[in-house]
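Let's take a walk through this fold, one piece at a time. Have the 3D view open and turn it as you read.

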Amino acid sequence: MGRGDIFFAGLAKTALREKIRERLKAYAIDEVFEDELISDLIAQKHYYCSINALRPTHFRKRFRPGSGVNGYDFEGLFLTSHWRKVSWTQCLDPKTREDIIETALRDAVQSIVAARKTRFPVCEKCGQTPSTEIDHVSPEFAEIARYAMDTMTQEDLDEAISNFDWWKEEPFALSKNCPAMLYTFEAHKTAQLQAVCKECHLSNAKERRAARTRK
Ligand SMILES: [Zn+2]
């Protein structure tokens with residue numbers, strides 16, 4: 001899809017975003033309102049709602065502490081009695097199922113990866129700056145995630161998403177024993193990690209890109 005293409009309800013993304021923002025200005029915090037356009041958008045484009053046939057009927061803006069004058073949480077009313085935070089802006093740039101699963105896999109190995117940073121508080125590459133992030137030197141994380149997802153069929157992945165307890169308001173997670181998770185944990189036993197500063201992380205990635213194009 002190109003920029004400016006019609007995305008939803010006869011509107012391109014930018015126009016749709018503006019239109020919704022403009023409409024939302026009319027409502028006060030905690031005022032309950034209906035909006036067919038946003039209901040439809042969420043029902044059709046939200047990663048979880050679209051798979052599970054959920055369509056919020058009402059909305060409200062909720063005060064979010066520390067978010068400034070214009071900040072608020074946006075909530076939808078589902079199944080007549082469940083209020084739940086739901087992002088309409090995310091529906092404009094729907095995450096693919098692969099993005100969602102990759103993030104869940106990343107979250108799952110967060111502690112393994114963080115342990116490297118504790119062991120190497122100074123950047124392993126330049127030896128100068130504190131290490132702030134972890135580079136998957138080899139294989140790259142995206143590659144691990146790709147192979148991990150290959151262990152599951154399309155139906156498995158759909159099922160993983162629809163079985164997820166979205167109502168708990170926790171980030172999407174996969175079951176610890178699903179093949180993709182097992183693969184990811186296994187891969188991290190031998191993956192080459194490096195605790196690096198931001199600059200070295202970028203330069204590592206750049207070097208790898210250059211090496212790939214030379215091949
Ligand atoms: Zn460095």
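Start with helix H5 (residues 97–108) and helix H7 (residues 141–150), whose axes come within 10 Å and cross at roughly 110°. Because angles of 65 to 115 degrees count as roughly perpendicular, H5 is roughly perpendicular to H7. The crossing of H5 and H7 is right-handed. Keep in mind as you look around that this is a predicted model.

Zoom in on where these two helices touch. From H5 come Glu98, Ile101, Glu102, Leu105 and Arg106, and they meet Phe141, Ala145, Ala148 and Met149 of H7. Sort the residues of that contact by class and you get 6 nonpolar and 3 charged, with no polar ones.

Now follow H7 over to another partner, helix H9 (residues 179–190). The axes of H7 and H9 come within 8 Å and cross at roughly 145°, and this crossing is right-handed. On the H7 side, look for Ile144, Tyr147, Ala148 and Met149; they meet Ala180, Tyr183, Thr184 and Ala187 in H9. What classes of residue make up the contact of H7 with H9? There are 7 nonpolar residues and 1 polar one, with no charged residues.

The peptide bond from Ser138 to Pro139 is cis, with omega near -10°. That deserves a second look, because most peptide bonds are trans.

Time to switch to the sheet. Three strands form an open sheet in the order S3-S4-S5, with antiparallel pairing. Strand S3 (58–63) and S5 are the edge strands, so to speak: each pairs on one side only. Neighbouring strands in this sheet are turned by 35° against each other on average, ignoring direction.

Trace strand S4 (residues 72–78) next; it pairs with S5 in the antiparallel sense over 4 bridges. Within that pairing, Leu77 stands opposite Trp83 in S5, and Phe78 stands opposite His82 in S5. If you're following side chains along here, remember that in a regular strand they alternate between the two faces of the sheet.

S4 and S5 form a hairpin with 3 residues between them, and Leu79 in the turn has a positive phi of about 50°. Another spot to check is Ala9, which has a positive phi of about 50° although it is not a glycine. Ala9 is in the loop between strand S1 (6–8) and strand S2 (11–12). Why flag such residues? Most residues other than glycine have a negative phi.

Finally, zoom out. The chain is divided into domain 1 (6–92) and domain 2 (97–214), and their C-alpha centres lie 31 Å apart. How many residues are in contact across the two domains? On the domain 1 side there are 7, in contact with 7 residues of domain 2. Helix H3 (47–51) and strand S5 (82–85) each supply at least two residues of the side of domain 1 that touches domain 2. By class, the residues on that side of domain 1 are 3 nonpolar, 2 polar and 2 charged.

Note on methods: Residues numbered from 1 in each chain as written. Predicted model: local features only at pLDDT ≥ 70, side-chain atom pairs only at ≥ 80, totals over all residues. Domains from an automatic or database assignment. Nonpolar A, V, L, I, M, F, W, Y, C, P; charged D, E, K, R; others polar. Pairing = 2+ DSSP bridges. Axes fitted to C-alpha atoms, helices over the stretch in contact; angles between N-to-C directions. Parallel < 35°, antiparallel > 145°, perpendicular 65-115°, else oblique. Left-handed = near helix turned anticlockwise from the far one by under 90°.
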